[in-house]
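Me: I would like to go through a protein model step by step. Could we look at it together?

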Amino acid sequence: MSWVTLRQFRWTTRIGPDDLPLVYGIAPYGEPAKLPVDVADVILVNAMAPTASLRIEYATRVGELRLLRSCLLDKADGALHLAVGGFASSSPHVRRFVSESFGLGMLSASVQSAYEWVAGPDAPRDFDALPVSLARKYAKSRVRPDLLFRTADLLLAGEARGRSSRPAASTLQQEKRLNTLLPWAHAHKQPLVMTWAHLTEAGVTVNLYSSAEGGSWLDAPIGEPRPPSSNLYLDVPTDEVPTDDVPTGVAGDARAPVDPDDPPGAEPDAERPPPRSTGLGSAEAMFSASRETLPLLTRQLYASAPETPVRLADRRLRGRWVPVDPVHPDRGTFLLGVLEEPLSPRDGRVLTERLRARNRDVAGAGGVAVAVRDRLLVATSALREGQPWDLLVD
């Protein structure tokens, strides 16, 4: 499994002139750590992203996901990093697509990995994540998160940003985005996290931002501590944000700046939040709307995907392995699979764990990164070519 460098930050808030929370400050929390992530988890959530028309073709989606996969490489020690040659020679809109897709995928993969790290072997297997863009009635709203995470006892909103540059010393951009989302989170009593994922040739750094007010499972140690010498490439921050990496709609989102001389103020109920809102515009409503739209996309993917003789979890599987790089087929192979019927979040996680464990134990299998959710399966192997269906024998 791959790994990334995780750095945690905590934000504090004060009440602004309109009686809504604003960021008072952002400070580091703990030390940088190695966080295991599976590259298939990074890609899978992007397979669920809807198009503007809600019309989707299997071949088109495979081309998009394969492009993202081709930019992600593992170092000898498993560190995920950017395949800088092909990325740097791409046009700005392609670099922007890769950066934004990577940011969304890394939010999903890192939050799930962090949750499982804290929960340990008893981590609930019903962990689910859906892009809010599936909730069509909220798709054009600027005040909405990018992802929603759900288990039996957790509903968490997540905001994502992806960059192909080192982390900046300034937190101004993060404060701007948080100041847009915090009033929504406050109104709906909704826990919120934000990740900024930085993909460079040296490695991947994920900055994870969460609230300092009130207890959270994120307060627990997450990841394996990294020796200081392994973080040298983080010690030269830059305030530059490449124009090809700036997502549409970020500029101008901020409220008025906060006076740093004013004292911070936590809300009276910060340590014991009231029940979460379930009304229109709430995370609950967005998750339900996203869940209703997902079958429309997966049906179209299944209908346009090539048939196979393979069955997984007693379901027919459609799809085809394709080279990660069509010009250099020896650089590995990639599969977007579509199941005949959906799996529950728990059953999808169990199947994912079983396939990962099997390929760790099978000598000469070439290894496979794999993730299954609902009707979708993403698998990729850096050491195999052709149609290696043996990697998915259940």
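Predicted model: local features only at pLDDT ≥ 70, side-chain atom pairs only at ≥ 80, totals over all residues.

Me: How many helices and strands does the protein chain have?
Reply: The secondary structure of the protein chain comes to 7 helices and 16 strands.

Me: And what share of the residues is buried?
Reply: Of the 394 residues in the protein chain, 53% are buried. The chain exposes about 17,400 Å², and carbon and sulfur atoms supply 53% of that area.

Me: What about contacts between residues at least 6 apart in sequence: what percentage join residues at least 24 apart?
Reply: Among those contacts in the protein chain, the share is 73%.

Me: New topic: how many aromatic pairs are found in the whole structure?
Reply: A search of the whole structure gives 4 aromatic pairs. One of them is formed by Phe9 and Tyr209, whose ring centres are 5.0 Å apart with the planes at 20 degrees.

Me: Why is the pair of Phe9 and Tyr209 called stacked?
Reply: The planes of Phe9 and Tyr209 stand at 20 degrees, so the pair is stacked, because planes under 30 degrees apart count as stacked.

Me: Where in the chain are these two residues?
Reply: Phe9 is in strand β1 (residues 2-15) and Tyr209 is in strand β9 (residues 204-211). They are 200 residues apart, and the pair links distant parts of the chain.

Me: Are they buried or exposed?
Reply: Phe9 counts as buried at 11% relative accessibility. Tyr209 also counts as buried, at 2% relative accessibility.

Me: Which other pair could we look at?
Reply: Tyr115 and Phe127 form a tilted pair, with 5.3 Å centre to centre and 45 degrees between the planes. Tyr115 belongs to helix α4 (residues 92-119), while Phe127 is in the loop between α4 and β5. Both residues are buried, and together with Phe149 they form one aromatic cluster.

Me: Which charged residues lie over the ring of Tyr302?
Reply: The charged end of Arg318 sits over the ring of Tyr302, 4.2 Å from its centre. Arg375 lies over the face of Tyr302 as well, at 5.0 Å from the ring centre.

Me: Back to strands: which way do the residues of β5 point?
Reply: In strand β5 (residues 128-131), Asp128 and Leu130 point one way, and Ala129 and Pro131 point the other way. All of these residues are buried. In a regular strand, side chains alternate between the two faces of the sheet.

Me: In what sense do β5 and β6 pair?
Reply: β5 and strand β6 (residues 147-151) pair in the antiparallel sense over 4 bridges. The bridge partner of Pro131 in β6 is Leu147.

Notes: Residues numbered from 1 in each chain as written. Heavy atoms only, no water. Buried < 20%, exposed > 50% of the residue type's maximum accessible area, 1.4 Å probe, protein only. Pairing = 2+ DSSP bridges. Phe/Tyr/Trp six-rings, centres within 6.5 Å; stacked < 30°, edge-to-face > 60°. Lys NZ or Arg CZ within 6 Å of the ring centre and 35° of its normal. Contact = heavy atoms within 4.5 Å. Areas by Shrake-Rupley, 256 points an atom, 1.4 Å probe, with all protein chains shown as cover.
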